Amino acid sequence: MAATGSTNLTKKQLIASSLCKHFSLDPKAFSGDFAENDIKTLYLNILQSSGKDSSPTHKDEVMKWIDFAESFPTDSKECLDVLNKLNEDLATISVLLGNGLSPTEADVIVFSAIHSFVMGLPNAECEKLPRVLRWMDYIQNKEDFGELFGKIVLKKPCFDPPLAKPPAKAGADLNAKKTAESTKSANKSEADSSGKTSDAAKKATEEKGATQEKNKSVETEAVAKDKKKKATGDKEATQEKKKSETEAVEKDKELSVSLLNIQVGLIRKAWKHPSADSLLVEEIDVGEAKLRQVVSGLAKYCNPDELTNRRVVLITNVKPGKLRDVMSEGLVLCASNEDHTIVEPLLPPEGAKPGECVSFSGIDGKPEDVLNPKKKQLDKITPNLFTDDKGIATFKGIPFMTSAGPCTSSIPRVTIK
């Protein structure tokens with residue numbers, strides 16, 4: 001633990017006060033404990049006073065982040081090294097603990113510990129820590145800290161829309177105007193000289209005027225046709241654009257992982273398929289009254305004893321059907337290398353409950369009740385499922401998240417099927 005002193009006391013005050021705010025308690029009720037107790041004791045006292053129930057596992061995880069806060073260095077270079085590591089850790093999570101969306105006391109503690117240092121960083125250093133800044137901006141907007149901390153301003157990209165060009169005046173309208181002005185000028189000139197011309201000249205002038213009126217009528221009619229043709233073309237183009245946009249949206253829906261009902265399961269029992277050497281049969285708890293029976297092609301890679309009481313990730317809205325005369329009501333998702341010599345079921349984190357749904361940050365939508373095999377939805381979606389460099393299961397790089405964290409595999413950079 002760091003040495004005590006005025007600076008450390010201030011850190012404890014900030015952390016304890018922000019924890020009180022998090023749990024809707026009055027910090028003044030604990031002000032007498034600041035000097036006498038360390039941060040861990042303060043946290044346990046505040047948690048007890050809040051009446052909130054917290055599991056031992058959750059408390060242990062919070063204690064690890066308290067260690068982080070207490071040991072946060074004072075040397076600038078060492079601080080940056082620690083924040084760079086935190087920046088990497090935030091690549092796959094939105095908050096430090098929890099279900100990926102709701103801040104916990106761990107977020108409050110770490111935010112309080114690093115706030116003053118981050119506030120003093122120059123812009124050049126802040127740009128190297130985009131995930132830390134994104135996380136701090138999220139926490140300061142989700143939590144009501146009152147006036148405990150100054151606002152961290154997150155520099156966000158600006159978009160200046162291009163200036164709209166004024167619509168070009170139709171060439172046909174301009175020609176019609178010129179024709180009208182020309183006709184008007186000619187008529188005026190002829191009118192001025194009408195008294196001096198002979199009957200033959202008058203007749204010629206009248207014929208010329210008639211011809212010009214006819215030409216003007218033809219041009220006006222052509223302009224009207226052009227306008228009508230242009231309007232029809234614009235309407236057809238708009239309809240075609242809307243059709244294309246609708247088709248694109250429908251195509252995105254067909255490829256969205258939100259169509260799949262992906263759940264955490266716990267294998268209660270596994271045995272060899274009675275008539276297929278490559279298949280295993282599992283009874284899986286997905287939080288329903290009855291266990292689900294699933295047939296999987298895992299006999300070459302796992303024995304039944306290894307799978308018993310193992311957590312897995314499975315799709316539960318596939319259409320039930322028989323595999324070699326044995327009913328299967330789900331699909332266990334596995335990571336597999338390219339030549340399928342190594343195959344391993346995905347592993348939800350410890351603490352993930354059977355039956356809870358796997359979520360994907362930024363992707364909303366209701367799963368299909370039952371996938372339609374004729375639409376080949378699985379065939380379209382599974383090419384976008386893979387593990388990343390750390391073995392975290394993802395859809396297009398977005399982690400499979402549970403209330404206890406992401407689902408993983410020991411095999412990085414491979415497909416999931």
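**Exercise 1. Find which helix gives the most to the lining of the largest pocket, and say what kinds of residue make up that lining.**

Step 1: H3 is the top contributor, with five residues in the lining of the largest pocket. Helices here are DSSP runs of H or I with at least four residues, strands are runs of E with at least two, and both are numbered from the N terminus.

Step 2: a pocket, on a 1 Å grid over the protein atoms alone, is an open set of points where a 1.4 Å probe fits, with protein on both sides within 12 Å along at least five of seven lines; lining residues have an atom within 4 Å of a point.

Step 3: helix H3 (56-70) and strand S14 (405-406) each supply at least two lining residues. There are 28 lining residues, and Leu97, Gly98, Ser403, Ala404 and Gly405 lie nearest the centre of the pocket.

Step 4: sort the lining and you get nine nonpolar, 13 polar and six charged residues. Here Ala, Val, Leu, Ile, Met, Phe, Trp, Tyr, Cys and Pro count as nonpolar, Asp, Glu, Lys and Arg as charged, and the others, Gly among them, as polar.

A word on ground rules: this is a predicted model, with local features needing pLDDT of at least 70 and side-chain atom pairs pLDDT 80 or more, while totals for chains, interfaces and linings use all residues. Residues are numbered from 1 along each chain as its sequence is written, and side-chain values use heavy atoms, leaving out hydrogens and water.

**Exercise 2. Work out what the buried residues of H7 pack against.**

Step 1: pick out the buried residues (under 20% relative accessible area; exposed is over 50%, partly exposed in between; 1.4 Å probe, protein chains only). In H7 they are Val132, Leu133, Trp135, Met136, Asp137, Ile139 and Gln140.

Step 2: look for their partners, and you land on helix H4 (76-89), helix H5 (105-119) and helix H6 (123-126).

**Exercise 3. Describe the setting of the salt bridges Asp81 makes with Lys77 and Arg268 makes with Asp285.**

Step 1: a salt bridge needs a side-chain nitrogen of Lys or Arg within 4 Å of a carboxyl oxygen of Asp or Glu. Asp81 and Lys77 qualify, their closest N and O atoms being 3.6 Å apart.

Step 2: these two sit four residues apart in helix H4, about one helical turn. Asp81 is partly exposed at 42%, and Lys77 is exposed at 58%.

Step 3: now take Arg268 and Asp285, which meet at 3.0 Å, N to O. This pair links distant parts of the chain, with Arg268 in strand S1 (residues 262-272) and Asp285 in strand S2 (residues 280-285), 17 residues apart.

Step 4: Arg268 is partly exposed at 39%, whereas Asp285 counts as buried at 13%.

Notes. Contact = heavy atoms within 4.5 Å.
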